[in-house]
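Welcome, and thanks for taking a look at this one with me.

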Amino acid sequence: MIREIMISLYLFFHFILFNFFKLFPIKNKIVFLVSFKDNNLFTYRELINKKFTGEIVFLCSKNMYSVIKKSVNVPVFVIESGKIRDEIMASYHMATAKTILVDNYYGFLAVMKFKKGVECIQIWHAAGALKNFGFLDHSVHKRSKRAKKRFTRVYRNFHKVVVNSRAFARIFELAFNIREDQFLFFGYPRTDFFFDKKLHARMKRNFLKRYPQFKDKKIILYAPTYRPEPKKNRLPLNIPLLYEHLHDEYVLFIRMHPSVELSEHKWQEFADFVIDFSRKATINELLVVSDLLITDYSSIPFEYTLLKKPMIFYPYDLEEYQENPGIWDKYENIVPGPLAYNTEDIIWIIKNQVFDRKKYAEFHRTWNEYSDGHSSEKLVDYILKRHDY
C-alpha cells in the first residue's frame, strides 16, 4: 500500500511537470531512455555517423549513468533516483522531443500523453525471450487494479516496437497488446556487433594477450540469468567433478548477473580451471572468446547463435522457474538443446559433442530473421526520415 502511494506521488509529480512543459514547442530532438547500454549506444553512434544535427539527450537509470556519461558527448541525466533537477529535466526533454527511444518499462510514461507527431519507439533490451514479461508475467495478475491500469497506459505509449523476428513480434503482441502495424522489423542495433568478424578477431587477440594462460584451452562460458530470490543466485555446478573430467582441455568462465556476487574462495584449489569473469570482461568479449555456452533462461542464446557456436541449456530448477516468473512455452519447445539437469549431464554432452547444428540453424532463422549487421542503420534511417533528413 505504501509503495503504491509513493508511486502515485511520483507519477503525479511528473504529470504536472510534463503537462506544463507540453506548452513548449516540439524540437528536433531525440531522447534515449536507458536501462541497458548496447542498443542505445549502437543507435547513438549511427546517428553521429549519419551526421544528425538535432539535439540528443540521454535519461539513464542509476546503474547506467556513469557508463553512458563516459560514452557520449551529449547531455545525460539520471532518472528514478530522487534527484529533483534531473527529474524536472527528464520531463522537459520528454515533452519537447520528436522521437523517444525506450528499452524497458518506465512508470512515468503512464502519465505522459504525447503531442501529435511524437513517436515513442520501444527497443527491447534482449534479442529474444524465454521468461515472461509484460502482461505475460504471472505476477502481474496479483497486482492491484491501479497497477494494472498503469501498466496498460505505459504500453499504450509504445507507438512502435523494434523486433528482430516475427516470432518475437508474436510475443510482444501478447506482452504489450501491440498491433501488427506497430512493429519495425529492423533487428536489434546491438546485434550488428555479431557480424563484425574483424572486431571479433581483434578482441580475441587482445584478450589472450591479457590472459595468455588460456591460449591453448577451449573456453566454456557459464552465463545464467537472474533469479527473483537472491538466495537462488548460486553456482549450481559440481566444480571438482568438472575439473576432474575437463581441466586438461577446457577452462570454465563464470559470468553472473551484475547484481550477483560469488564467493570465489569456494573453488580456490581449482583457480587454474574456473574463473569468475563477471567483473573482468564485458559479455560481448566473453561471447567472442568462448567456444561453448552454458545457460538457462537467459536471452543470451538468441545472440550467441549468430556466432554459430554450440550451447548447452541447463534448466536445473525448471519447475520452480516455470512458476515465477514463468516461461511463455514449454522450455524444450523453445531452445535448440541439448538439455542438462546436473553436472554429470553437462560432462557427458561435452565429452560426446551431441550438438545438433541443424537445430541451431533453425533457431537462428526463427529468432534473427531481420538481424543482418545493418540494424542500427535501418533504425536510424527510419528516425531521420521522421525528422525530415
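1. A word on helix axes before we start: they are lines fitted to C-alpha atoms, over the stretch in contact, and the angles between N-to-C directions run from 0 to 180 degrees. Please keep in mind that this is a predicted model.

2. Start with α1 and helix α4 (residues 84-96), whose axes come within 8 Å and cross at roughly 50°. That angle makes α1 oblique to α4. The crossing of these two helices, α1 and α4, is right-handed.

3. Stay with α1, which covers residues 2-21 and includes Leu9. Together with Ile2, Ile5 and Met6, Leu9 forms a nonpolar surface patch with about 440 Å² of accessible area. Leu9 counts as exposed because its relative accessibility is 53%, and the cut-off for exposed is over 50%.

4. Next, look at helix α2 (residues 38-49) and helix α15 (residues 375-386): their axes come within 9 Å and cross at roughly 60°. So α2 is oblique to α15. Here, too, you will find a right-handed crossing, of α2 past α15.

5. Now for some backbone details. Most residues other than glycine have a negative phi, and most peptide bonds are trans. Asn177, in the loop between α6 (166-176) and β7 (183-185), has a positive phi near 55°. With a relative accessible area of 55%, Asn177 is exposed.

6. Lys308 is not a glycine either, yet its phi is positive, about 55°. You can find Lys308 in the loop between α10 (300-304) and β12 (311-313), and it is exposed at 69% relative accessible area.

7. Finally, Gly337 and Pro338 are joined by a cis peptide bond, with omega about 0°. Pro338 sits in the loop between α12 (331-334) and α13 (343-352).

Terms used. Residues are numbered from 1 along each chain as its sequence is written. This is a predicted model: local features need pLDDT of at least 70, side-chain atom pairs count only at pLDDT 80 or more; totals for chains, interfaces and linings use all residues. Side-chain values use heavy atoms; hydrogens and water are left out. Patches are made of residues with over 30% relative accessible area and no salt bridge: like charges are joined within 9 Å, nonpolar side chains (Val, Leu, Ile, Met, Phe, Trp, Tyr) within 5 Å. Accessible areas come from the Shrake-Rupley method with a 1.4 Å probe; for residues, only the protein chains shown count as cover. A salt bridge is a side-chain nitrogen of Lys or Arg within 4 Å of a carboxyl oxygen of Asp or Glu. Helices (H or I, at least four residues) and strands (E, at least two) are DSSP runs, numbered from the N terminus. Buried means under 20% relative accessible area, exposed over 50%, partly exposed in between (1.4 Å probe, protein chains only). Angles under 35 degrees count as roughly parallel, over 145 as roughly antiparallel, 65 to 115 as roughly perpendicular and the rest as oblique. A crossing is left-handed if the near helix is turned anticlockwise from the far one by less than a right angle, and right-handed if clockwise.
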